[in-house]
Amino acid sequence: MPTSHLTLTTIANAPLFADFWAARALIQKMRSLEQQKALHSLAWSLVPDQLQWLIITEDDALQPIILSLEIHAIRALKPIGHQGPVWQRPNPPRLLQPLEPPRTIARHILAAPYRSGLVDRPGDHPHWDSTWL
């Protein structure tokens, strides 16, 4: 099964997941997809306007996963008044090359909140996880 780096960005880069509970609701859905064996999550980071996720899954499972996240994101954001689509048209997931170490990509993903200035230290952001930490 291939390892994919999935990046989903909110429409107009709106900070929709700045709301703690909306972010946690989406994270709960991400975890349920793993519990359902739809994927194996290696690392992810959810910032207010973007989700980056390193996953292992079947090639044909990516579109259903993205659709499931869209539906759940719409539901999660409804209580804070957002209606309609959440994500921009996603870039195709980037498949890791055989010699590309997943841990290097995971470090890049986990540093996203720090690089964007949301936190002073990479581990301070509340919405991330990695199998290696």
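How many positive and negative side chains does the chain have, and how far apart do the centres of the two sets lie? There are 12 positive and 11 negative side chains in the chain, and the centres of these two sets lie 3 Å apart. The model described here is predicted.

**Overall form**

The chain has 4 helices and 5 strands. Along the sequence these elements follow the pattern β-α-β-β-α-β-α-α-β. The chain is as compact as a globular protein of its length, because its radius of gyration is 14 Å, close to the 14 Å that the globule rule gives for 133 residues. Taken along the principal axes, the box filled by the C-alpha atoms is roughly 45 × 35 × 25 Å.

Of the 133 residues in the chain, 43% are buried. The accessible surface comes to about 7600 Å², and carbon and sulfur atoms account for 56% of that surface. Among contacts in the chain with a separation of 6 or more, 68% are between residues 24 or more positions apart.

**The sheet**

Strands of a sheet pair through backbone hydrogen bonds, either parallel or antiparallel.

Leucine 8 stands opposite leucine 51 in β3, and threonine 9 has glutamine 50 of β3 as its bridge partner. Leucine 54 in β3 stands opposite alanine 43. β2 and β3 form a hairpin, with 2 residues between the two strands.

Is β3 enclosed or open to the outside? In β3, 5 of the 7 residues are buried, so this strand is largely enclosed by the rest of the structure.

Serine 45 lies in strand β2 (residues 40-47). A residue is buried when its relative accessible area is under 20%, and serine 45, at 2% relative accessibility, therefore counts as buried. Leaving out residues up to four places away in sequence, serine 45 touches Gln50, Leu51, Gln52, Ile109, Ala112, Pro113, His127 and Trp128.

With a relative accessible area of 35%, histidine 40 is partly exposed. Which residues is histidine 40 in contact with, leaving aside its neighbours within four places in sequence? They are Glu34, Leu54, Ile55, Ile56 and Thr131. One of them, Leu54, stands opposite alanine 43. Histidine 40 and tryptophan 132 are 92 residues apart in sequence, and their C-alpha atoms are 13 Å apart in space.

How values were computed
Residues numbered from 1 in each chain as written. Predicted model: local features only at pLDDT ≥ 70, side-chain atom pairs only at ≥ 80, totals over all residues. Heavy atoms only, no water. Rg over C-alpha atoms; globule rule 2.2 N^0.38 Å. Buried < 20%, exposed > 50% of the residue type's maximum accessible area, 1.4 Å probe, protein only. Contact = heavy atoms within 4.5 Å. Areas by Shrake-Rupley, 256 points an atom, 1.4 Å probe, with all protein chains shown as cover. Lys, Arg positive; Asp, Glu negative; His and termini not counted. Charge placed at Lys NZ, Arg CZ, Asp CG, Glu CD. Pairing = 2+ DSSP bridges.
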